[in-house]
Amino acid sequence: MREAIARRISRRTYGEPLNEDEIREINGLIDEVNRRTGLTLVLDTHAEQAFSSKKYTKGFIHHATSVILMKGPSDLSDLREKIGYFGEGLVLDLVDRNYGTCWVAG
């Protein structure tokens with residue numbers, strides 16, 4: 001069992017924005033997932049507005065400035081399954097590298 005599975009928690013409060021090295025590292029992980037799967041995961045480092053509405057986030061996410069958008073071709077029959085499977089793999093890779101993560105749908 002991966003150590004990250006045991007350590008994984010949903011972080012809802014974040015600190016400093018990602019620096020250039022962190023952005024490069026995360027984009028490298030994302031590029032590998034996209035290359036292998038046909039998905040289109042994208043890191044957005046200017047996503048402050050994504051969690052500004054308490055109506056939609058219920059006020060649970062604080063100071064998050066970056067998100068990874070997980071999407072793919074709408075005609076892919078197993079799109080949701082692929083996003084879930086490979087998205088969770090990416091989340092665990094991030095946990096292995098000591099990044100805080102939280103799944104959010106919508």
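User: Which residues of helix 2 meet helix 4, and which residues of helix 4 do they meet?
Analyst: In helix 2, Ile 26, Leu 29, Ile 30, Val 33, Arg 36 and Thr 37 meet Lys 82, Phe 86, Leu 90, Asp 93 and Leu 94 of helix 4. Contact means heavy atoms within 4.5 Å. This is a predicted model, in which local features need pLDDT of at least 70, side-chain atom pairs count only at pLDDT 80 or more, and totals for chains, interfaces and linings use all residues. Residues are numbered from 1 along each chain as its sequence is written, and side-chain values use heavy atoms, with hydrogens and water left out.

User: At what angle do helix 2 and helix 4 pack?
Analyst: Helix 2 (residues 20–37) and helix 4 (residues 79–96) pack at about 155°, and their axes lie 11 Å apart. The axes are lines fitted to C-alpha atoms, for helices over the stretch in contact, and angles run from 0 to 180 degrees between N-to-C directions. The two helices are therefore roughly antiparallel, a term for angles over 145 degrees.

User: Changing topic, what pattern does the chain follow?
Analyst: Along the sequence the pattern is α-α-β-α-β-α, with four helices and two strands. Helices (H or I, at least four residues) and strands (E, at least two) are DSSP runs, numbered from the N terminus.

User: How much of the chain counts as buried?
Analyst: Of its 106 residues, 29% count as buried, meaning under 20% relative accessible area with a 1.4 Å probe, protein chains only.

Conventions: Angles under 35 degrees count as roughly parallel, over 145 as roughly antiparallel, 65 to 115 as roughly perpendicular and the rest as oblique. Buried means under 20% relative accessible area, exposed over 50%, partly exposed in between (1.4 Å probe, protein chains only).
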